[in-house]
Amino acid sequence: MEKKEKGKWNKPEGLAEAFCEVMLDMDAKTLADTLTECGLSPKVLAEKSRSVAEEALERFGKDEAERVKDVGRVKALHEGLGALLVLLRRKAGLSQEEVSKRARVDVEEVRAIETDPTVEPSPRTIFQLEQLFHLPERTLVKLSGITTIPNEEFTEGVTRFAADARAMNTLSKEETNLVNAFIKFLSTWSESRK
Amino acid sequence: MTNEKYATTQEALSAIRDLSDADHQKLLLAARFWHAQRKALEKQGVEPEELLSQAYLATLSGDRRWRRGVTLVKHLSQCMRSTSGHILEHGKTELAGKTELRKIAVVPDRSTTESSVEAQVSAKDEIESIRKLFTDDKQAFEVLLKRAAGMEPEEIRAEMSLSAVQYTTISRRILRKLTSFVN
């Protein structure tokens, strides 16, 4: 017991906490009776407190829905980023290893960007890839989800592109046009339009 | 995935929905207590209900994880205590956004981190204000001190040779002090 006492005695919070804990330890009837004696209505107190809980639960539900939506959008952006990287690489006639070497980024990250939309690319890699493929500034960044999460209109455009790009096997004139058109879309889309 | 040490969000959600009237009464009293304990909160426009709301949100989001073996009511009270201490240090401006709100409740306990002279003076004042409340009831204050020392009610009863009824009576006197303290 001595050890316990030394642990909490001198901490200012200990006394305040104990003050509160005595109340928290009480059984329902003793609590209600004492509150009534003090002129407080247990029923009103419980109702007020319950409404705080209900509001918090509602707010949590909304926050969660928003978070799930954001996760979905980022995944869609990464799908677009992967598809674009594949096309850019093929257009330049480069292997994943060559892209890695020339851009001075990890080959595993290049592979992950191309195939796994759950992987978050590093800002440096995004910058290096923009440089390698001579893209206008901040084009790939918009697909990285690193800075802002764009609106649904943008995400839908990216999703359509990713679907079209994935369906192509060989780099045709049509494919090249698709890449060019998408880069134009990326470079002209303003990040302020959230 | 189940975490053996902490409750999951689903478990927390379920436990919050299952809180009894008595639990809700205790939580609002605890919110008012921690609010009254940090007198400066009122000046900053923070309401007791906000402390409670933040405790729920931080627990549900996992920012302030609920340890298994601790009752939800005690866990939420501890959240409110650390949140109120953090607001005092950083101000209510941080209560603006949902992310910031949660972060507030993640900070470690004030008792282990706060080092500013001002905060220590404030803590001493707080202790003094509790001490003054009990000048007319030494026995209740002794129970409080023993509880603060980490003793469980059964241990206190044994040490002070109190029956269960006597201990309950003292607890009721302490609760009366608490209600006068928060009002």
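These legends walk through a few close-up views of a predicted model.

**View 1. Chain A is built from helices.** Welcome to chain A, which holds 10 helices and zero strands. Followed along the sequence, its pattern reads α-α-α-α-α-α-α-α-α-α. Of its 194 residues, 34% count as buried. Among the chain A contacts with a separation of 6 or more, 66% come from residues 24 or more positions apart.

**View 2. Chain A meets chain B.** Here 43 residues from chain A and 47 residues from chain B make up the contact. On the chain A side, the elements giving two or more residues are α1 (2-8), α2 (12-24), α3 (28-37) and α4 (42-91). The biggest giver is α4(A), with 14 residues. If you sort the chain A side by residue type, you find 25 nonpolar, five polar and 13 charged residues.

**View 3. Helix α3(A) crosses helix α2(B).** Two packed helices are described by the angle between their axes and the distance between the axes. In this view, the axes of α3(A) and α2(B), the latter spanning residues 21-37 of chain B, come within 10 Å and cross at roughly 55°. That angle is why α3(A) counts as oblique to α2(B). The crossing of α3(A) past α2(B) is left-handed.

**View 4. Residues where α3(A) touches α2(B).** Zoom in on the side chains of this pair of helices. From α3(A) come A:A28, A:L31 and A:L35, and they meet B:A22, B:Q25 and B:K26 of α2(B). By type, the residues of this contact divide into four nonpolar, one polar and one charged.

Terms used
Residues numbered from 1 in each chain as written. Chains lettered and ligands numbered in written order. Predicted model: local features only at pLDDT ≥ 70, side-chain atom pairs only at ≥ 80, totals over all residues. Contact = placed C-beta atoms within 7 Å. Helix = DSSP H or I, 4+ residues; strand = E, 2+ residues; numbered from the N terminus. Nonpolar A, V, L, I, M, F, W, Y, C, P; charged D, E, K, R; others polar. Axes fitted to C-alpha atoms, helices over the stretch in contact; angles between N-to-C directions. Parallel < 35°, antiparallel > 145°, perpendicular 65-115°, else oblique. Left-handed = near helix turned anticlockwise from the far one by under 90°. Buried ≥ 20, exposed ≤ 12 C-beta atoms within 10 Å, placed from the backbone.
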